[in-house]
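Me: I am new to this structure. Please walk me through its core and its charged pairs.

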Amino acid sequence: MSSPSTQFANSRRMGMHEPLHQISMWGHSNPITGASTMMQVDTRLDSKSESTSHDSLGPSGNGQPEARISDKIQRRLAQNREAARKSRLRKKAYVQQLETSRLKLAEMEQELERARQQGLYVGGSLDTARVGFSGTINSGIATFEMEYGHWVEEQHRQNCELRNALQAHVTDIELRILVESSLNHYYDLFRMKADAAKADVFYLMSGMWRTSAERFFLWIGGFRPSELLNVLMPHFEPLTDQQLLDVCNLRQSSQQAEDALSQGMDKLQQTLAQSMVSSDSAVAGSCRPQMAEAVDKLDSLENFVNQADHLRQQTLRQMSHILTTRQAARGLLALGEYFHRLRALSSLWAARPREPA
C-alpha cells in the first residue's frame with residue numbers, strides 16, 4: 001500500500017513518468033526517509049512547475065520578441081500617421097498653389113483684354129503697329145504696357161515712403177536704402193523700354209505709352225536729363241560751392257550729349273527721306289532697293305533710344321553721387337511728384353468741358 005506522500009505526488013504529477021518511476025524504486029527504503037525524500041522531490045517539482053508557469057504567463061522582459069514586435073508595430077503606426085499628415089499638408093499647399101495660379105491667370109487675361117481694347121484705337125484711329133489686321137496685338141508691346149502700369153503704381157508707393165521718411169527724420173542709413181530702391185526702380189524702366197524697343201521702336205518713340213502732357217516734353221522716348229536738372233535744382237538747396245559746380249558741369253555735359261543724339265536723329269531723318277525717293281519712279285518695282293535700304297537704316301533707331309536711356313540713367317546716378325543722402329531723397333521725391341502731376345494734368349485736360357461743335 002502506497003504512502004500518502006506517494007499518492008499525493010501521483011495525483012499532482014500524473015503526466016510526469018520519470019519522477020514517478022524513481023519514487024517506485026524507493027519502496028523498500030526506510031518509510032521515514034522515503035517520505036522525506038518524496039516530499040523534497042515533490043517540492044522541487046512544484047517550484048519548477050511554478051517557475052515554468054510564471055515564465056510562460058508573466059510579462060516579458062526588455063529583450064523578449066513579443067516586446068520588440070509590439071514596439072515595432074507602434075513605430076510603424078506612428079510613421080504611417082506622420083506620412084498621412086504630411087500628405088494632407090502637401091495636398092492643401094498644392095490646392096492653394098493652383099488657386100493662386102488661377103487668379104493670376106485671370107488677372108493677366110483681364111489686363112491683356114484692356115491692352116487689346118486700348119490698342120484698337122489711338123486718337124480715334126486704328127494703330128496697326130499694335131493691332132494687326134487679324135485683330136492680334138504685338139505681344140511685346142502689350143507686355144510692356146502691363147509692366148509699365150505696375151511700374152507707375154510702384155513709383156507712387158515709393159514716393160509715399162520717401163515723403164514719410166523725410167517727414168519722420170529717419171537716419172541716413174534708412175534713407176539711403178529708399179534712395180537706392182528708387183534709383184533701381186528707374187533703372188528697371190530703362191530695361192523695360194529696351195525690350196519694348198526691340199518689339200516696336202516707333203511705338204516707344206511716339207510716347208503712346210505715356211499721357212498727353214508727358215508726351216509734350218518727350219525726347220527720344222523719355223525726358224531730357226538737362227531739363228530735368230533745371231526742374232529739380234530748387235529741391236537740392238542748400239548746395240555747397242563744390243556741389244553747385246558739379247551739378248552745373250553735369251547739366252552741361254548732359255546738354256552736349258543730348259545735342260549729339262539730336263543731331264544724329266536729324267541726320268537719320270534726312271537720310272531716310274532721301275532714300276525713299278526713287279531714282280526712276282516710272283519704272284515698276286524700282287523702289288524696292290530704296291525701301292530695303294530704308295529698313296536697314298531704321299534699325300539704328302533702337303540704338304538711339306538705348307543711348308538716350310543710358311544718358312538718363314547716368315545722369316541720375318551721378319546726381320545721387322554729388323548730393324547728400326537727404327538731398328538725393330528730396331530730388332527723387334520731386335521727380336516722382338513731377339511725373340505724377342503731369343499725369344494728373346493729362347486727366348484734367350481730357351476731362352475739360354468742351355463747347356459743342
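Reply: First, a term: a nonpolar core is a set of buried Ala, Val, Leu, Ile, Met, Phe, Trp, Tyr and Cys residues joined through side-chain atoms within 4.5 Å. Note that this is a predicted model.

Me: Which residues touch the most other members of the largest nonpolar core?

Reply: This core holds 57 residues. Four of them touch the most other members. They are F144, Y148, I220 and M319.

Me: Is E337 buried or exposed?

Reply: E337 meets R163 in a salt bridge of 2.1 Å, N to O. The pair joins helix 13 to helix 5, 174 residues apart. Buried means under 20% relative accessible area. E337 has 19%, so E337 counts as buried.

Me: How many residues apart in sequence are the parts tied together by E214 and R343?

Reply: E214 forms a salt bridge with R343, with the closest N and O atoms 3.6 Å apart. E214 lies in helix 8 (residues 212-216) and R343 in helix 13. The pair therefore ties together parts whose separation in sequence is 129 residues.

Me: How many salt bridges does a search of the whole structure find?

Reply: R210 and E214 also meet in one, at 3.1 Å. E154, R157 and E161 are linked in a network of them. The search finds 13.

Note on methods. Residues are numbered from 1 along each chain as its sequence is written. This is a predicted model: local features need pLDDT of at least 70, side-chain atom pairs count only at pLDDT 80 or more; totals for chains, interfaces and linings use all residues. Side-chain values use heavy atoms; hydrogens and water are left out. Buried means under 20% relative accessible area, exposed over 50%, partly exposed in between (1.4 Å probe, protein chains only). A salt bridge is a side-chain nitrogen of Lys or Arg within 4 Å of a carboxyl oxygen of Asp or Glu. Helices (H or I, at least four residues) and strands (E, at least two) are DSSP runs, numbered from the N terminus.
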